[in-house]
Structures are given as C-alpha cells and as structure tokens.
Amino acid sequence: MLSNQALVDFIVARGTDNHIQSIINGQKKSKWLDTFSKCSIKKVPVPLFIEDQEQIDVIYTHLTSILDSTPTHTHSDQIRFIMDVLFPESIICALAVVEHVSILEAEEKFLRGPVIDASEREHFDRRIKKTIKEEWQAIRESSTGVMVLINKK
C-alpha cells in the first residue's frame, strides 16, 4: 500500500510541477478547472485524498509557490483555485506516476479516497463506540441530576 507521504514527497520534489503549470497556463485541459470555472456555487466539495493536515499544508504551500511564480494566472480566489483545481490535479498526477497507473486509474483511486486498512477501521470504530458511550453516559448522568433536583424541590 502506498503511503501518503510518498505522494507528498513526489509533489514537493517538483514531480507534478510541469503538469500543474500546464493547467495554470491553459495548455492542458482539467475537468477540475472546468468545474471550478463553470460553478456558480462558491464551494463544490472536492475530495482531498490526504487527511493529514501537515501533509495538506506542505502540498498547499508548494502549489502556492507554483501559482505565484506563474505570471499568467488570473484567479481571484487563490485558495479555492488551489484546493479545488491544483490540489486534486497534483494528487492524481502523483498517484499515476508513483503507482505506475494511467491518469484515469489514478483519478478513480483519488475519487474513491484513501485505502483504510482493517486495523485503522477497527481503531476508528472503537473510538466512535467509546465516544458514543461517554456521551450517552453524560446524558444519563445529567438527566439523573435534573431528576434529583426536581425531586428535592
């Protein structure tokens, strides 16, 4: 299984820079850019694939430097442009190269999201159950406290 760090490392090592610059300059088509340009809604949810905030920040910073060094970009909402267009494009490009798959296969994988192994899923399930149990216990205790206060009056 490919680690997200491998994708981050590839992107930051300038592995996707030519692809990203081609999209910014209009030399390559991008369905992410088409959606961004046509959408009147301010925010259409775009999957991130990478969930670690530090890794997202590293990629975002790198993409910002590419955008800032490209004189032809004319996007007024730079943050949205990076997150809705350049971020998915860089992840898909990195997936294709690092995993030796086509761009189409990489995009499908990107849209499915990261693979979660069984131990991660079990850990997540245990955390959810624990949180629900704690919240339910707090509700029960607060209800009992309210009933005690009502009975004392």
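The chain has seven helices and zero strands, where helices (H or I, at least four residues) and strands (E, at least two) are DSSP runs numbered from the N terminus. Colour the chain along its sequence and the pattern reads α-α-α-α-α-α-α. This is a predicted model, in which local features need pLDDT of at least 70 and side-chain atom pairs count only at pLDDT 80 or more, while totals for chains, interfaces and linings use all residues. Residues are numbered from 1 along each chain as its sequence is written, and side-chain values use heavy atoms, with hydrogens and water left out.

**The whole chain**

Of the 153 residues, 31% count as buried; buried means under 20% relative accessible area, exposed over 50%, and partly exposed in between (1.4 Å probe, protein chains only). Contact here means heavy atoms within 4.5 Å. Among the contacts in the chain with a separation of 6 or more, 72% are between residues 24 or more positions apart.

**The largest nonpolar core**

Next, select Ile-59, Leu-63, Phe-81, Val-85, Leu-86 and Ile-91. These touch the most other members of the largest nonpolar core, which has 30 residues. Such a core is a set of buried Ala, Val, Leu, Ile, Met, Phe, Trp, Tyr and Cys residues joined through side-chain atoms within 4.5 Å. At least two residues of this core come from each of helix H1 (4-15), H2, H3, helix H4 (53-68), H5 and H6. H5 gives the largest share, 11 residues.

Stay on Val-85. Leaving aside neighbours within four places in sequence, Val-85 is in contact with Ile-23, Ser-30, Trp-32, Leu-33, Phe-36 and Arg-80.

Select residues 31-38, which make up helix H3. Which residues of H3 are buried? They are Trp-32, Leu-33 and Phe-36. They cover an arc of only 95° around the axis, which puts them on the same side of H3; the arc is that of the directions from the helix axis to the C-beta atoms. Show helix H2 (17-24), helix H5 (78-98) and helix H6 (103-112) as well: the buried residues of H3 pack against these helices.

Now pick Ser-30, in the loop between H2 and H3. Ser-30 is buried, with a relative accessible area of 3%. What does Ser-30 do at the N-terminal end of H3? Ser-30 caps that end, with a side-chain oxygen 3.2 Å from the backbone nitrogen of Trp-32. The side chain of Ser-30 also reaches the backbone nitrogen of Leu-33, at 3.0 Å. Both are polar contacts, meaning pairs of N or O atoms within 3.5 Å; within protein, one must be able to donate a hydrogen and the other to accept it, and residues adjacent in sequence count only if both atoms are side-chain atoms. Not counting residues up to four places away in sequence, Ser-30 touches Ile-23, Val-85 and Glu-89.

**Aromatic pairs**

Show the aromatic side chains. A search of the whole structure finds three aromatic pairs. Rings of Phe, Tyr and Trp (its six-membered ring) pair if their centres lie within 6.5 Å; planes under 30 degrees apart count as stacked, over 60 as edge-to-face and the rest as tilted.

Start with Phe-36 and Phe-81: their ring centres are 5.5 Å apart and their planes at 65°, so the pair is edge-to-face. This pair links distant parts of the chain, with Phe-36 in helix H3 and Phe-81 in helix H5, 45 residues apart. Phe-36 is buried at a relative accessible area of 12%, and Phe-81 is buried at 0%.

Move to Phe-49 and Phe-110, a stacked pair with 6.1 Å centre to centre and 25° between the planes. Phe-49 is in the loop between H3 and H4 and Phe-110 in helix H6, 61 residues apart. Phe-49 counts as buried at 6% relative accessibility, and Phe-110 is buried at 0%.

**Two backbone angles**

Most residues other than glycine have a negative phi. Select Arg-14, in helix H1, where phi is positive at about 70°. Arg-14 is exposed, with a relative accessible area of 53%. The last stop is His-100, in the loop between H5 and H6. His-100 has a positive phi of about 55° and counts as exposed at 72% relative accessibility.
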